[in-house]
Amino acid sequence: MPGASRAVVRRSLPSEPAARGSASLFLTEAERQGVRAGRRMLYVGPEPASEHVAAGLRVEPGTPVLARRKLLLAGDVPVRVATSFLRLDLFADTPLSEPGFLSPSLQSRIEELGHRFGRAEERLVARPPRGDEAATLHLDPGEWVVQIVRAAYSADDLPIHVLETVCAASRHVFDIVQVSGADEF
């Protein structure tokens with residue numbers, strides 16, 4: 001889809017708590033930017049944990065985990081693929097393993113199952129696309145992606161959620177926000 005790179009969305013790092021706690025981080029961010037956003041669920045089911053997902057969930061690489069993968073659109077242009085990974089030993093046979101979007105949000109459904117969020121770690125890497133990422137995001141030849149991996153842990157330091165977001169690099173601006181009082185200039 002030549003010309004798809006004209007759609008640009010912003011992503012704040014770290015995410016604002018109000019946006020992170022909303023029904024959809026992406027839909028909330030896009031609405032604030034005046035972008036017509038859409039989303040489509042691509043897959044819900046088990047798959048083997050990649051190395052970085054396994055590290056975040058503290059399981060062995062290749063261990064089956066629950067994946068919830070969706071495509072995020074700005075207008076009709078694909079801009080991100082976001083996949084939530086959850087430990088099957090905690091979330092198999094729960095509403096989280098059912099197809100479709102969760103209401104009111106994934107985070108609230110995790111909390112309903114007794115897991116309170118305590119902390120998260122995010123890692124951002126720019127890289128060439130892998131597998132079917134270029135086709136899914138309608139990337140031009142040579143276009144890169146930005147991968148953000150957010151590992152979330154419960155208040156008891158139990159790994160409960162890894163979110164991998166693969167963004168079309170040319171369609172994003174990443175705003176990095178520093179908390180006041182955390183550093184000296």
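This is a predicted model: local features need pLDDT of at least 70, side-chain atom pairs count only at pLDDT 80 or more; totals for chains, interfaces and linings use all residues.
**Entry 1: Glu133 and Arg127.** I then checked their side chains for contact, and Glu133 forms a salt bridge with Arg127, with 2.9 Å between the closest N and O atoms.

**Entry 2: the other salt bridges.** How many salt bridges does the structure hold? I noted nine. I followed up two more of them. Asp157 pairs with Arg58, and here the closest N and O atoms are 3.2 Å apart. Asp157 sits in the loop between β6 (145-154) and β7 (159-168), while Arg58 sits in the loop between α3 (51-57) and β3 (64-74), so this bridge ties together parts that are 99 residues apart in sequence. Arg119 and Glu121 also meet in a salt bridge, at 2.5 Å from N to O.

- Arg58 has 44% relative accessibility and counts as partly exposed.
- Arg119 is partly exposed, at 35%.
- Glu121 is partly exposed, with a relative accessible area of 41%.
- Asp157 is partly exposed, at 33%.

Buried means under 20% relative accessible area, so the 33% of Asp157 does not count as buried.

**Entry 3: rings.** I searched the whole structure for aromatic pairs and found zero. I then looked for charges over rings. The charged end of Arg119 sits over the ring of Tyr153, 4.3 Å from the ring centre. I note again that Arg119 also has a salt bridge with Glu121. The charged end of Arg39 sits over the ring of Phe101, and the distance to the ring centre is 3.9 Å.

**Entry 4: strand β4.** Is β4 (residues 77-87) largely enclosed or open? I found 11 of its 11 residues buried, so the strand is largely enclosed by the rest of the structure.

I next looked up its partners. β3 and β4 run antiparallel and are joined by 10 bridges. Within this pairing, Leu66 stands opposite Leu86 in β4. The two strands form a hairpin with two residues between them. Gly75, in the turn, has a positive phi of about 65 degrees. β4 is also joined to β7 by six bridges, and these two strands run antiparallel. I picked out Ala82 there, and its bridge partner in β7 is Thr165.

**Entry 5: backbone.** Which residues does the cis peptide bond join? I have Ser103 and Pro104, with omega at about 0 degrees. Pro104 lies in the loop between α4 (88-91) and α5 (106-112).

I then looked at positive phi in residues other than glycine. His138 has a phi near 55 degrees. This residue is found in the loop between α6 (133-136) and β6, and it is partly exposed at 29% relative accessibility. Asp157 is not a glycine either, and its phi is positive at about 65 degrees. I had already placed Asp157 in the loop between β6 and β7.

**Entry 6: Asp157, collected.** I put the notes on this residue together. Asp157 has a positive phi, is partly exposed and forms a salt bridge with Arg58.

Definitions and conventions:
Residues are numbered from 1 along each chain as its sequence is written. Side-chain values use heavy atoms; hydrogens and water are left out. Rings of Phe, Tyr and Trp (its six-membered ring) pair if their centres lie within 6.5 Å; planes under 30 degrees apart count as stacked, over 60 as edge-to-face and the rest as tilted. A charge sits over a ring if NZ of Lys or CZ of Arg is within 6 Å of the ring centre and within 35 degrees of the ring normal. A salt bridge is a side-chain nitrogen of Lys or Arg within 4 Å of a carboxyl oxygen of Asp or Glu. Helices (H or I, at least four residues) and strands (E, at least two) are DSSP runs, numbered from the N terminus. Buried means under 20% relative accessible area, exposed over 50%, partly exposed in between (1.4 Å probe, protein chains only). Two strands pair if DSSP finds at least two bridges between them.
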